[in-house]
Amino acid sequence: MKLKFLKNNSPLGVAFDLFNVLFLATYSLLAILPFFYVIAGSFATTYEFRTRPFFIVPQTFTAASYIYILKSARLLQSIYISVIRTVLGTLTNMFFTVTMAYPLARKSLKGRSLILNLVVFTMFFSGGMIPTFLVVRSVGLLDKIGALILPGAISAWNLIVIKNFFQELPPGLEEAARMDGCNDMRTLWHIVLPLSMPVVATFSLFYAVGHWNAFFDALIYMQSMSKWPLQLILRQMITVAQGALGDAAMIDASYGTLPEDGVKMAVIVVSTVPILMIYPLLQKHFTKGVLVGAIKG
Amino acid sequence: MPIFFLQERRLANILTPATALGKKKPFLVYLIRDRWLYFLLIPGVLYFLVFKYAPMWGLIIAFQDYSPFKGFLKSNWVGLRNFYDFFINPDFLRLLRNTLVMSALNLLFFFPMPIILALMLNELRNFLFKRTVQTIIYIPHFISMVIVYSITYVILSIMGGPVNGLMIKLFGHPIDFLASEAWFRPLILIQLIWKETGWGTIIFLAALAGVDVELYEAAIVDGAGRLRRLIHITLPSIMSTIVVLLILRIGYVLDNGFEQIFLMTNALNHSVADVFDTYVYEVGLRLGAFSYSTAIGMFKAVVGLILIWSTNFLAKKAGQSGIM
């Protein structure tokens, strides 16, 4: 390898390699620089924001923004809602997805292809925002946490990927379980699921990230602000501070004054940190998750 | 054939066990055999019926003058009036233009980025450096659109944002990027490039990893330099992936990141920002014109479906497996 590398080493090639490394290093830096700026800014004092003697890193540090968050009932409440929604939502997602994926993985099941086709069709066509809203309203979910969980209980894409994974499991295992008197439900619980833990973990993470990041469903389904998740409160803080260019009617009186820049950055940090914390776990799995879906069956 | 004969055969079919005749078993047999599997299917099927198919049935309000008090069935039918009203509304052309311009810019400026980045990553020789770069550039994909919007705001703010701090020093005056029509599209593209370029490299890197090393070795023996290897081996090996993604992207030409555009839209830039989905939200949920906005949503969904179907057909023709 080393020899080959030396053999093809024209001056132009060396120049390219140098440029390539520098470019990619700069690109990586730009990809995470905004996070550094926001983290550093969340510790800056209001005075420094006004006078702005710093570019990225402030000169004096204070935890005032975080103390503000801890004292704000509204922000704590929204963090609570986000956590509840993520935990309950992910559990619901996995329950619905796995129970549906397992029967559909059985090729001998009558009606399987009909159901699969109906599932795939929803990936390309939907009733859209208003009819879905009317359905959610008519089943009585409006302003309830269920509105953030049930309408997205299954991602058709995840369902099909998990189904494909179940299909790849050696059929002998299930046959053996059946011989021993296991019915299909017990087989799923005691044989198939323990074997599928990596897949279950991967898709739980994907669903959890989706729940933590979601805001639009809360905007249309949750009328009371006390039930808003963190992402929506953050959007509200930014939109309102933007001179109420957006929905001025929804300015929250309880803020009193507009939130300071430091507080906004601290809220950004709080809503980003969970994602960054599970990122190493995610990274272990996602390449597989992205590519395994390409296998059709 | 005498009629009684026919009846006799039917009777025989009912009385004889299906297996004995080597014919199709009645569905009931399978229902009993796989009863637990069907039981497991119940929650999922109910989910799709209630939250996916009931809304499709709800599309009928696009042909009505829907009134919440009268309900789905008793509202007055108006035929295609809602669609007609939308097509003669000047907003229709504005929305269509915004959508197509955004998609064209997306195709021109965003689409090539992951390809270029993947090719550059592929030229790296230091494995550790390559892994580090990959780890870092995937991160933005998992960050929520609200956070991307919020970070954009704090960086570009005219009150204390670092970019405008620099602008004041250089030009003496700040630029209100977020309230500007001219800056709306560039900002959307920059956000998109920042968030998704790294993630987009995965599919190309996978294709590149599948290239036979012997091809490169043979090319080296034949005296091909790095540029020639790039042109004659690397590029052709990812060409089919590029073509398929390009075709599919055209299938989604009416979808341009609803959440992102929704967040970045405000009273000062909405004339260039509005797209079909944001308009449906505005007119439907905020102004309460359910039937009219449903017609708009339906128009977009049907055209989208036709586009996806036809481009998928093209992708298959291009020798690829397509998405369906």
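Which residues in α9(A) meet which residues in α12(A)?

1. Helix pair within chain A. On the α9(A) side the residues are A:Asn158, A:Ile162 and A:Phe165, and they meet A:Val199, A:Phe203 and A:Phe206 of α12(A). Helix α9 (residues 156-168) of chain A and helix α12 (residues 197-213) of chain A pack with axes 11 Å apart, at an angle of about 175°. Because angles over 145 degrees count as roughly antiparallel, α9(A) is placed in that class relative to α12(A). The contact of α9(A) with α12(A) has five nonpolar residues, one polar residue and no charged residues.

2. The structure is a predicted model. Chain A has a mean pLDDT of 84, with 85% of its residues at 70 or more. Among its elements, the lowest mean pLDDT (45) belongs to helix α1 (residues 2-7) of chain A, and the highest (97) to helix α8 (residues 146-149) of chain A. Over residues 1-7 of chain A the pLDDT stays under 50, and the model has two contacts for them beyond four places in sequence. Where pLDDT is low, the predicted coordinates should not be read in detail.

3. Overall make-up of chain A. The secondary structure of chain A consists of 15 helices and zero strands. Of the 297 residues in chain A, 36% are buried. Among contacts in chain A with a separation of 6 or more, 72% join residues 24 or more positions apart.

4. Domains of chain A. Chain A is split into domain 1 (2-51) and domain 2 (72-292). Eight residues of domain 1 of chain A contact eight residues of domain 2 of chain A. On the domain 1 side, the elements that give two or more residues are α2 (11-42) and α3 (46-51) of chain A. The largest share of that side, five residues, is from α2(A). By class, the side of domain 1 of chain A that touches domain 2 of chain A has five nonpolar, three polar and no charged residues.

5. Domains of chain B. Three domains are assigned in chain B: domain 1 (1-25), domain 2 (34-79) and domain 3 (81-317). Between the C-alpha centres of domain 1 of chain B and domain 3 of chain B the distance is 61 Å.

6. Contact between the chains. Chain A gives 80 residues to the contact and chain B gives 75 residues. Helix α15 (residues 261-292) of chain A supplies the largest share of the chain A side, 13 residues. By class, the chain A side has 49 nonpolar, 21 polar and 10 charged residues.

7. A helix pair across the two chains. Helix α7 (residues 129-138) of chain A packs with helix α18 (residues 290-317) of chain B at an angle of about 130°, and their axes are 8 Å apart. The two helices, α7(A) and α18(B), are therefore oblique to each other. From α7(A), A:Met129, A:Ile130 and A:Pro131 meet B:Phe290, B:Ser293, B:Thr294 and B:Gly297 of α18(B). The contact of α7(A) with α18(B) has four nonpolar, three polar and no charged residues.

8. B:Val283. This residue lies in helix α17 (residues 276-286) of chain B. Not counting residues up to four places away in sequence, B:Val283 touches B:Ala289, B:Tyr292 and B:Ser293. B:Ser293 is also one of the α18(B) residues that meet α7(A). B:Val283 has 19 other C-beta atoms within 10 Å and is partly exposed, because a buried residue needs 20 or more. B:Val244 is 39 residues from B:Val283 along the chain, and their C-alpha atoms are separated by 36 Å.

9. A:Asp143. What is the phi of A:Asp143? A:Asp143 has a positive phi of about 70°, although it is not a glycine. Most residues other than glycine have a negative phi. A:Asp143 is in the loop between α7 and α8 of chain A. A:Asp143 is partly exposed, with 13 other C-beta atoms within 10 Å.

Terms used
Residues numbered from 1 in each chain as written. Chains lettered and ligands numbered in written order. Predicted model: local features only at pLDDT ≥ 70, side-chain atom pairs only at ≥ 80, totals over all residues. Domains from an automatic or database assignment. Contact = placed C-beta atoms within 7 Å. Helix = DSSP H or I, 4+ residues; strand = E, 2+ residues; numbered from the N terminus. Nonpolar A, V, L, I, M, F, W, Y, C, P; charged D, E, K, R; others polar. pLDDT = per-residue confidence, 0-100. Axes fitted to C-alpha atoms, helices over the stretch in contact; angles between N-to-C directions. Parallel < 35°, antiparallel > 145°, perpendicular 65-115°, else oblique. Buried ≥ 20, exposed ≤ 12 C-beta atoms within 10 Å, placed from the backbone.
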